[in-house]
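Let's take a friendly look at chain B and at a pocket that goes with it. Here is the model.

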Amino acid sequence: MTMASRLGGGFDPLGEFRRLQNPMHRLFGQRPLAAATGFPAVNLWAGADSVAITAELPGVDPADVELSVKDDVLTVRGSRRPSTDESDVAWHRRERSHGQFQRMVQLPFRVDAERVEARFADGVLEVDLQRPEADKPRRIEIKH
Amino acid sequence: MEQNIAQATEQSVAPESHDLEQTRPRPVFRPVADIFETRRGVTLVLEMPGVRAEGVEVTLEKRVLTIRGRSSVARPDSYRRIYAEYGEGDYERSFSLSEDIDAENIEATCKHGVLTLDLPKAQEAKPRQINVRAA
């Protein structure tokens with residue numbers, strides 16, 4: 001998937017990223033954007049004490065996807081099947097890719113591996129991850 | 001000229017060529033596609049993540065096949081996007097077909113955000129014998 005074709009028409013999905021670049025650098029450890037893109041493309045969403053990842057996996061069977069979590073890294077692994085297994089075909093367009101993929105996504109904080117929820121609908125994967133209870137920021141009372 | 005079937009001359013989908021104005025304030029993407037031809041016909045495979053079968057609209061007018069997909073992705077308000085590698089929106093792409101497609105028997109299936117269109121070749125496209133009479 002080429003990003004250029006999806007960035008046309010004045011739409012800039014990375015605009016928010018650029019605006020947030022300074023805090024993002026803190027969260028993601030100075031990782032340049034070019035190295036961060038791959039398949040699948042991911043978006044990150046922040047909740048109160050949770051983070052959600054959405055990824056575009058069109059044509060991927062949910063049974064062919066493997067998710068794993070360790071500390072603050074989520075790994076998405078799987079394979080994409082080609083549009084046809086027939087070899088005796090004449091190709092007019094061949095823009096889709098297929099084969100094995102693996103993507104490791106750095107999360108803004110450590111997550112509880114026991115409380116991960118994943119949904120897969122219409123080629124879009126959504127993974128909800130929670131910050132462990134022990135890691136949650138605690139409100140500190142100020143004595144008068 | 002069998003090879004030219006749906007050689008898929010792509011329509012330039014210029015914004016001004018649209019008769020209908022879009023009412024949803026969201027971007028429209030050109031879906032990635034595979035097109036291949038077999039003896040039976042031509043198959044188009046388009047990637048439209050976030051689109052379910054009800055959101056797909058396929059029209060064939062004057063041999064121009066137009067595919068539109070409306071994304072049904074919804075995000076709860078409590079979530080704030082902090083990082084983005086892809087944009088969410090709708091999809092649209094058009095192709096010109098050659099005449100020898102059986103427009104009545106186009107079949108469409110949508111699964112895991114991928115639309116597959118099977119366009120069978122028309123019977124008339126098969127070679128015909130023409131008898132030449134002696135004058």
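## Strands in chain B

Helices (H or I, at least four residues) and strands (E, at least two) are DSSP runs, numbered from the N terminus. With that in hand, chain B has zero helices and 10 strands. Read from the N terminus, its elements go β-β-β-β-β-β-β-β-β-β.

The model is predicted: local features need pLDDT of at least 70, side-chain atom pairs count only at pLDDT 80 or more, and totals for chains, interfaces and linings use all residues. Residues are numbered from 1 along each chain as its sequence is written, and chains are lettered from A in the order in which they are written.

## Burial and contacts

Chain B has 135 residues, and 44% of them count as buried (under 20% relative accessible area, 1.4 Å probe, protein chains only). Take the contacts (heavy atoms within 4.5 Å) in chain B between residues at least 6 apart in sequence: 63% join residues at least 24 apart.

## The second largest pocket

The second largest pocket has a volume of about 500 Å³, which is the space filled by probe spheres set on the grid points, joined across faces, edges and corners. A pocket here is an open set of points on a 1 Å grid over the protein atoms alone, where a 1.4 Å probe fits, with protein on both sides within 12 Å along at least five of seven lines; lining residues have an atom within 4 Å of a point. There are 25 lining residues, and A:Pro82, A:Ser83, B:Val45, B:Val114 and B:Thr116 are the closest to the centre.

In chain B, strands E4 (41-47), E9 (107-111) and E10 (114-120) each supply at least two lining residues. E10(B) gives the largest share, five residues.

Methods:
Heavy atoms only, no water. Buried < 20%, exposed > 50% of the residue type's maximum accessible area, 1.4 Å probe, protein only.
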